[in-house]
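Take a look at the model below and follow the ligand. The paragraphs after it go from the site as a whole to single contacts.

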Amino acid sequence: MRTVYVNGDYLPETEAKVSVFDRGFLMADGVYEVTSVLGGKLVDFDGHAVRLERSLSELDMACPISKEDLLDVHRELVRLNDLDEGLIYLQITRGAPKDRDFAFPDPKTTPCTVVLFSQSKPGLSDSPAAKTGIKVISIDDIRWGRRDIKTVQLLYPSMGKMMAKKAGADDAWMVQDGFVTEGTSNNAYIVKGNKIITRVLSTDILHGITRAAVLRFAREAQMEVEERNFTIDEAKEADEAFITSASTFVMPVVEIDGVALGDGTPGRVAPRLREIYLDESRKAAV
Ligand code: PDD
């Protein structure tokens with residue numbers, strides 16, 4: 001059985017409890033991070049900690065736990081759960097006031113709720129999907145306007161994932177005003193020749209920690225990177241496509257809305273970037 005972390009305590013998962021009045025539960029008033037673990041070490045912990053702090057401050061929530069303590073909790077969960085490959089999920093909500101109320105509670109009397117748990121995923125870095133590539137469909141992006149804040153409002157992304165499954169695909173790319181924003185839980189890229197194209201950072205998308213690392217590695221490997229909007233039609237005509245996230249690293253996309261990209265196999269750029277990303281991440285993990 002997993003050991004999880006709730007507000008300072010390490011508990012068996014069946015004994016961990018959060019109030020029915022918790023604002024994460026009632027109002028999706030909370031933020032989260034997902035950090036990958038490779039070889040028992042945390043990938044890009046600093047990047048996730050910095051983004052967490054930003055998400056909290058954008059929502060006027062005070063960070064209840066220091067970066068150093070957060071790192072200790074992550075490491076302790078890796079140790080207690082004997083985690084080799086997988087993820088650490090972290091969620092901080094605006095806590096549990098005495099009753100349901102739209103107004104934010106006073107943080108002095110209602111402390112934030114902090115929950116972390118591990119997800120063991122043996123073989124995550126050697127996923128069969130990375131060899132064959134995944135299929136995506138396009139759907140309208142009807143999410144709220146602050147997607148740069150990593151909130152736990154994930155209903156529409158979940159629905160998008162189900163629409164993809166129903167269509168026989170693996171994931172959905174969301175489209176706003178004709179342009180691709182991002183995947184349900186990942187950033188989206190196309191490749192033309194040697195050029196990697198991905199949407200610019202704004203409040204329209206989550207600023208992926210994997211995105212930042214992958215673009216840095218791509219530039220270091222002399223690949224050309226262009227940050228600009230692209231349409232689904234342009235994507236269908238691309239040589240390659242891929243997604244990035246803490247849970248998929250770099251994952252080739254071989255089909256968009258039923259149209260195969262190139263010869264329908266992962267191609268050259270995405271697999272190379274995946275290899276570089278995994279090598280460098282293992283080296284830098286803490
Ligand atoms: N999702 N865009 C969205 C909407 C996401 O939810 C995520 C991450 C990303 C990629 O960010 P990063 O590279 O920092 O993981 C982009 C996580 C993995 C999740 O919800 O499980």
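Which pocket does the space taken by the ligand correspond to? In this predicted model, the ligand takes up the space of the largest pocket.

The next point is where that site falls in the chain. Domain 1 (3–125) and domain 2 (129–284) both give residues to the shell around the ligand, so the ligand lies between them. Several elements of secondary structure take part: the strands β3 (30–38) and β13 (240–245) and the helices α2 (45–58) and α6 (209–220) each supply at least two residues of that shell.

The shell itself comes to 19 residues, and the closest to the ligand are Tyr-32, Glu-182, Ile-209, Thr-210 and Ala-246. By residue class, 10 members of the shell are polar, 5 are nonpolar and 4 are charged.

Some contacts can be followed down to atoms. A nitrogen atom of the ligand lies 3.2 Å from a polar side-chain atom of Lys-150. As for cover, the ligand on its own has 480 Å² of accessible area, and the protein covers 90% of this.

Note on methods: Residues numbered from 1 in each chain as written. Predicted model: local features only at pLDDT ≥ 70, side-chain atom pairs only at ≥ 80, totals over all residues. Heavy atoms only, no water. Near = heavy atom within 4 Å. Polar contact = N/O pair within 3.5 Å; in protein donor to acceptor, adjacent residues only side chain to side chain. Areas by Shrake-Rupley, 256 points an atom, 1.4 Å probe, with all protein chains shown as cover. 1 Å grid on protein atoms, 1.4 Å probe; cavity = no way out; pocket = protein on both sides within 12 Å on 5 of 7 lines; lining within 4 Å. Sits in = over half its atoms within 2 Å of the grid points. Helix = DSSP H or I, 4+ residues; strand = E, 2+ residues; numbered from the N terminus. Nonpolar A, V, L, I, M, F, W, Y, C, P; charged D, E, K, R; others polar. Domains from an automatic or database assignment.
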